[in-house]
Structure formats: structure tokens, C-alpha cells
Amino acid sequence: MRQWIALSLLCMSALLLPVSASAACDSPIKFGALTWESGQFISGVLKYITEEGYDCTVEEVPGAGPALETALAQDDIQVIGEQWVGRSPIMEQAIEQNKVAVIGDTLKGGATQGWYVPKYVLEQNPGLRSYQDLPKYAQLFQDPEDPNKARFMNCPSGWTCEIFNTRLLANTGLDNTFNNAHPGTGAALDAEISSAFEQRKPLLFYYWQPTGLMAKYDFAPLEFPSYDDACWQDLLRADGTADCISGFPVSPLGIAVSTPFMDANPELAGAFKNVEFTPDQLNGAILEMSETKRSGEEQALAFLRENPAIWQAWLSDEAAKRLAAELGISLTGATAAGTSLTNHSAASDSRLGLSSSFPSWSLETPLNNTLANVVQNYGEVFRTISSLALTYLLLPIERLLTLIPPWLLIALVTVLGWFAVRKVWFALACGAGLFLIGAFGLWGALIDTFALLIVSVLVTIIIGIPIGIAMSGSKLLRKVVTPILDVMQTMPSFVYLIPVLMLFGIGKVPALFATVIYALPPLIRLTTLGITQVNHEMIEAGRSFGSTHLQLLIWIKLPQALPSIMAGINQAVMMSLSMVVLASMIGAPGLGEDVLQSIQTLNIGQGLQAGTAIVIVAIIIDRITQAFGQGKRARQKTIDAGKRPMG
């Protein structure tokens with residue numbers, strides 16, 4: 001009886017309670033986690049409105065652009081906070097199928113894009129105003145990797161803008177004068193632009209706004225003809241055939257939502273439709289976010305607290321009052337006594353008592369300032385090193401490999417495979433594997449990867465073996481260098497890519513240095529280990545015959561340590577090869593570029609082919625270097641085994 005009474009009272013109380021604005025939010029609203037500043041800021045604003053204004057639960061799902069768009073079409077996520085209208089074939093198809101809608105006008109007047117040069121370049125060259133003037137000023141934008149041509153810095157491979165920029169470069173005839181450079185990632189593009197501005201160097205590049213970089217530096221757009229929609233639609237297609245030239249459209253910015261979300265949450269979708277920022281508001285927020293090192297959510301929180309008059313018009317009266325109360329302000333902008341909304345992670349730390357347990361120390365600002373000063377004051381020195389590495393190391397080997405006919409290179413590797421392992425089936429497998437890579441259309445990418453791999457391993461050997469030898473003879477040096485090697489092996493590669501990219505510029509050279517840093521530690525360690533483990537009696541025998549330290553090293557220590565040193569070289573080669581995908585993220589061409597492009601475009605076939613090519617190369621190199629790294633006795637056993645008759 002008591003249970004029935006309690007249940008009746010519960011039902012009556014539920015009926016008497018007022019219906020809140022969140023009644024339609026039956027399940028969590030999943031937002032796509034955007035990586036660029038404006039997307040993070042706008043998403044932050046929308047999440048606070050959703051969670052605090054309409055009392056809905058919010059989740060954030062990470063992913064690349066095409067992956068998030070596909071997830072939105074499948075209703076696996078419900079909201080993408082910033083969407084450029086008309087830029088994505090995936091979105092256009094989803095809209096046609098009524099799976100997705102782009103609502104609202106997030107940026108008043110729309111987003112702009114184009115080809116830019118630094119403003120100081122125009123001031124120094126008054127005749128440069130239009131894309132048609134670029135051939136006369138091509139020498140300003142010389143490509144370090146091909147001094148006979150200039151360089152145009154395009155979007156990362158796989159982005160929509162990379163397609164129409166490539167088409168424009170061809171249709172304008174500028175591809176005869178300019179190389180089409182792909183930075184790999186948006187961060188690499190930003191780093192190259194920042195480096196050029198800090199050194200006041202000329203640079204021709206594509207960019208867009210709203211962005212923090214656009215607010216930080218003075219970009220000067222180059223003139224193009226008026227926008228032609230029919231031409232532009234053809235330029236968006238990689239297989240387009242029209243030989244036309246169009247200016248860039250002003251793209252409306254909206255909020256992409258799934259159709260089921262709109263149907264289930266009409267009030268919240270209506271609020272999203274009202275969200276609108278002026279260019280000054282959005283660019284100012286992005287610049288402030290960049291300068292103060294705030295996250296998108298932190299900047300969104302600051303904006304909402306400081307501008308209640310703006311966002312009040314977006315929301316229903318009830319949602320606006322609830323959000324203002326959570327923010328701890330009144331709707332007139334004054335601070336209200338009461339609750340105060342904090343950043344979610346900060347609030348969590350406070351509840352756990354963590355924020356007050358540690359002092360506030362940070363090396364971020366000093367390190368960033370130091371890097372900026374080094375780039376400004378010594379950037380020319382590092383660019384000279386980059387030019388020397390390209391001219392005398394990377395480009396000659398790349399040209400040599402290009403001159404060798406594919407059939408001859410396949411034959412050489414086949415013979416080398418037999419000579420190393422002395423097994424016919426392995427030699428034939430090596431040749432068949434390389435032939436398969438060529439059949440996939442990846443021979444050019446393979447040559448680029450081979451060139452970078454060869455130079456990386458050579459530099460690693462030249463640096464690593466002498467350091468290993470020196471460490472084997474000095475305990476003090478081992479104590480000093482070993483912690484450095486620990487840091488090199490455990491530090492994520494992305495961390496040191498940033499300074500290397502800023503100092504040496506985008507392309508093969510930063511990839512070379514990043515690869516060498518990654519591959520050095522195992523070679524140094526194994527060289528040291530091999531020499532220190534040489535039989536002491538053999539060393540004493542050498543000394544008894546009057547051998548000097550150099551003679552002991554050359555005739556006793558190094559031959560005895562050779563298997564260990566060769567194992568280190570094998571590890572260096574394999575670790576260098578494992579960097580090919582990471583190298584593509586900073587503009588180095590090769591097999592990794594195809595893998596990266598397949599990830600950004602969700603092209604499974606392309607990724608599988610490029611991944612298979614990397615596996616084939618890795619197996620061939622690993623087996624051959626392992627065979628040559630054996631001692632004389634083990635090597636002779638391998639040869640004898642290969643000579644035995646089958647059966």
C-alpha cells in the first residue's frame with residue numbers, strides 16, 4: 001500500500017512541475033570536436049548554450065573533418081559547430097538526402113578566402129597586385145627544393161581547398177612557373193606562414209578567415225576575376241575539365257546539424273539558427289584566444305560573460321535567464337551574486353582539491369618567446385643549413401634514384417636480397433613486391449621515401465656511431481648522454497616537429513632532422529653496448545702486442561662489436577621508415593603523403609595501397625639489414641643453408 005501511495009505522489013509531482021526547455025533533450029547532444037580556433041570557439045559557445053541554457057547533456061567526439069561529416073550524416077554526432085557552406089561534397093550529398101541541414105548564419109557577411117602574400121611584399125613590390133603579375137615576380141617566391149621554379153603554398157592534401165587551388169594553378173598557367181607545395185597539415189601551414197612573417201620573407205600562400213593568424217599578421221590578397229559559380233563548381237572537382245578562372249566565393253558559415261536532432265530538439269535548433277557574430281567579434285575572440293592561450297571553451301565563457309546583450313537575443317527568455325544565472329551575471333552585464341560557471345576541467349580539479357595543491361608554473365611563454373627570437377635573429381642561418389642539406393644530400397640522391405630505370409632498381413634489389421639471405425624465393429618476393437608498388441602507381445612516392453630514408457640513415461650513422469664509440473670509453477659521457485637519449489626516445493615526435501618546422505621551413509629538411517632525432521638513440525645505445533661487451537682478454541692481448549688505442553678500436557673492438565652495431569643500424573633504418581607518415585605531415589613527399597591524404601579523405605583503397613607499399617619496403621629492408629648484420633659464422637651458416645639441395 002505504501003508503495004502505491006509513493007508512486008502516486010511521484011506521478012502527481014511530475015505532472016505539476018513546469019516543463020523545462022530541456023524536455024526534448026532525451027539523449028546527450030554530441031558535438032564534433034573541431035581543431036581550428038574559430039570552430040573551437042563557436043562550438044564552446046554552442047555547448048554552453050546547450051548545457052546551461054537548455055539543460056541538455058553535452059558530449060564531444062574527436063575526429064578529422066570528413067570523418068565528422070560522415071558521422072553527422074549517420075547521426076552518430078548531432079552538431080558540427082562551424083561548417084563552410086558549399087565546400088564539402090560529403091555534406092552536399094548528405095543535405096540532398098535530407099540527413100543533414102546547415103542552419104543559421106554564424107558569421108555576418110560570410111567567410112573570405114584567397115591567395116595572399118605578406119603586406120610588406122606588396123609595399124616593396126608595387127607592381128604585384130593580381131595573380132597575373134605573379135610570373136614577373138616569381139623569383140621572390142623561390143622554391144628551396146627546386147630553385148628553378150617558385151613555390152605556391154597550397155592547402156594540406158585532401159582538403160577541398162587543395163583541389164580548387166591546384167585547378168586554379170593549372171588553369172592560370174602558373175603551374176609552369178610555380179611548384180604546388182602541400183604542407184600536410186593546417187598546423188604545418190600556419191608554422192610556415194608564421195616563420196615567413198617573423199623573418200620578413202616573401203611567401204605566396206592560400207588562406208582564409210576567420211582565423212587567429214589572419215588577425216595577427218597583415219595579409220594582402222591578390223586580385224582575381226569576379227566569382228563565377230559555374231566555373232567554381234567545376235574547380236571543386238579534381239576531374240573537372242573546364243579551363244576557366246574564377247575569384248573565390250564568400251562562403252556562408254553555418255552550424256551543421258543532423259535532421260533527427262532538428263526534429264527532436266526544435267527549440268534548441270531554433271536558438272542555433274539565431275547565433276551570429278560580426279567579423280570583428282569573431283576575429284577579436286580568436287585573437288584574444290590565441291594571445292591568452294585559452295581553450296575554445298574558456299574563450300567562449302569569457303565572451304558569454306562579457307556580451308550578454310549579444311547572446312540574449314539568440315535564446316528564449318527562460319534559457320537566457322538560466323544561462324545568465326549559471327554565468328553569475330545579470331542580463332545587463334553586471335556581475336550577479338550567486339553561482340559562477342567555470343571551465344569544466346578546472347571545476348573538476350577544484351572539486352578534487354587539485355588546483356590548490358600545486359603552484360602555477362609554466363614554461364610555455366618563455367619557450368615560445370625564445371623560439372620566436374631564434375627564428376627572427378638566426379632564421380637565415382637555419383635556412384642556409386636547410387639549403388645545403390637539400391643541395392648536397394637530398395636532391396642529388398633523389399635525382400640519382402630517379403635516373404635509374406625502375407626495372408634496373410628492381411633487379412638490383414632482387415640480387416641484393418638473394419646475396420643477403422641466399423634464398424631464391426625471398427629474392428623473387430623482393431622483386432615482386434617492388435613491382436607491385438609500381439603497379440599501384442606509387443613508384444614516384446617510393447623514390448621520394450627511399451631518398452629521405454637513405455640520407456636519414458647516413459646522417460644517423462655519421463652522428464650515432466662516433467657518439468657510441470665515445471660513450472663506450474667514458475663513464476662520465478655515458479652519464480651525461482644517456483638521459484638525453486631517454487628524452488629523445490620518449491618525447492612525442494610532434495613536440496620537436498614544431499621548432500624544427502619553424503627553423504628549417506616546410507618540406508624534406510625538417511622531416512630529415514625529425515627522422516634523425518628519432519632514429520639516433522638505438523644506434524648510439526647498441527654501439528656503446530657492443531664495444532663495452534668485447535671480451536676483455538682480447539683487448540689485453542692487443543695491448544700486450546703494443547697496439548695503440550686507435551689500433552685496438554679499429555682492429556679489435558669494432559670488428560667484435562659489429563653484430564651489435566649492425567643491429568643498431570637495422571633499428572635506425574626501421575625507425576626512420578616508421579617516420580614516413582609523420583614526415584608527410586610537415587610537407588615531405590613520399591608514401592606517407594598518400595597515407596595521410598587517405599586519412600583526410602576517408603579513401604580506404606588509397607590508404608590500403610600506400611600502407612601495403614610501406615609494409616613491403618619495411619620487410620625487404622629489415623630482412624636484408626638483419627642478414628648483413630650477422631657475425632661471420634652466422635653469416636656463413638646462412639650461406640651454407642642456402643646452398644643445401646631442397647628435399
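1. A residue is called buried when its relative accessible area is under 20%, and exposed when that area is over 50%. On this scale K47, at 7% relative accessibility, counts as buried. The structure discussed in this note is a predicted model, and the points below should be read accordingly.

2. Overall architecture. The protein chain contains 29 helices and 11 strands. Of its 647 residues, 47% count as buried. The accessible surface comes to about 32,000 Å², and carbon and sulfur atoms account for 61% of that surface. Among contacts between residues at least 6 apart in sequence, 74% join residues at least 24 apart.

3. K47 and its partner. K47 is located in helix 2, which spans residues 37–53. Its side chain forms a salt bridge with E60, with the closest N and O atoms 2.8 Å apart. This pair links distant parts of the chain, since K47 belongs to helix 2 and E60 to strand 2 (residues 58–61), 13 residues apart. The two ends are classed as follows: K47 is buried because its relative accessible area is 7%, whereas E60 counts as partly exposed because its relative accessibility is 43%. Leaving aside residues up to four places away in sequence, K47 touches F31, E52, V58, E60 and E297.

4. Other salt bridges. A search of the whole structure finds 14 salt bridges. Side chains of opposite charge can pair when their charged atoms come close.

5. E82. This residue lies in strand 3, residues 79–84. E82 is classed as buried because its relative accessible area is 3%. The side chains of E82 and S38 are joined by a polar contact of 2.8 Å. Residues touched by E82, not counting those up to four places away in sequence, include W36, I42 and L253.

6. The unreviewed UniProt entry carries the annotation "transmembrane region" for residues 400–419, 425–443, 450–474 and 494–520. In the model, residues 450–474 are 92% helix and 0% strand, with the end C-alpha atoms 36 Å apart. Residues 494–520 are 89% helix and 0% strand, and their end C-alpha atoms lie 17 Å apart.

7. Nonpolar surface patch. L416, W418, F419, V424, L428 and F628 form a nonpolar patch on the surface, with about 570 Å² of accessible area together. Helix 18 (406–421) and helix 19 (424–439) each supply at least two of the patch residues, and helix 18 gives the most, with three. L428 is found in helix 19 and counts as exposed at 56% relative accessibility.

8. A567. This residue is placed in helix 25, residues 549–577. A567 counts as partly exposed at 33% relative accessibility. The C-alpha atoms of A567 and Q626 are separated by 7.0 Å, although the two residues are 59 apart along the chain.

Definitions and conventions
Residues are numbered from 1 along each chain as its sequence is written. This is a predicted model: local features need pLDDT of at least 70, side-chain atom pairs count only at pLDDT 80 or more; totals for chains, interfaces and linings use all residues. Side-chain values use heavy atoms; hydrogens and water are left out. Helices (H or I, at least four residues) and strands (E, at least two) are DSSP runs, numbered from the N terminus. Buried means under 20% relative accessible area, exposed over 50%, partly exposed in between (1.4 Å probe, protein chains only). UniProt positions are given in the numbering used here, feature names are shortened, and annotations may be inferred rather than shown by experiment. Contact means heavy atoms within 4.5 Å. Accessible areas come from the Shrake-Rupley method with a 1.4 Å probe; for residues, only the protein chains shown count as cover. A polar contact is a pair of N or O atoms within 3.5 Å; within protein, one must be able to donate a hydrogen and the other to accept it, and residues adjacent in sequence count only if both atoms are side-chain atoms. Patches are made of residues with over 30% relative accessible area and no salt bridge: like charges are joined within 9 Å, nonpolar side chains (Val, Leu, Ile, Met, Phe, Trp, Tyr) within 5 Å. A salt bridge is a side-chain nitrogen of Lys or Arg within 4 Å of a carboxyl oxygen of Asp or Glu.
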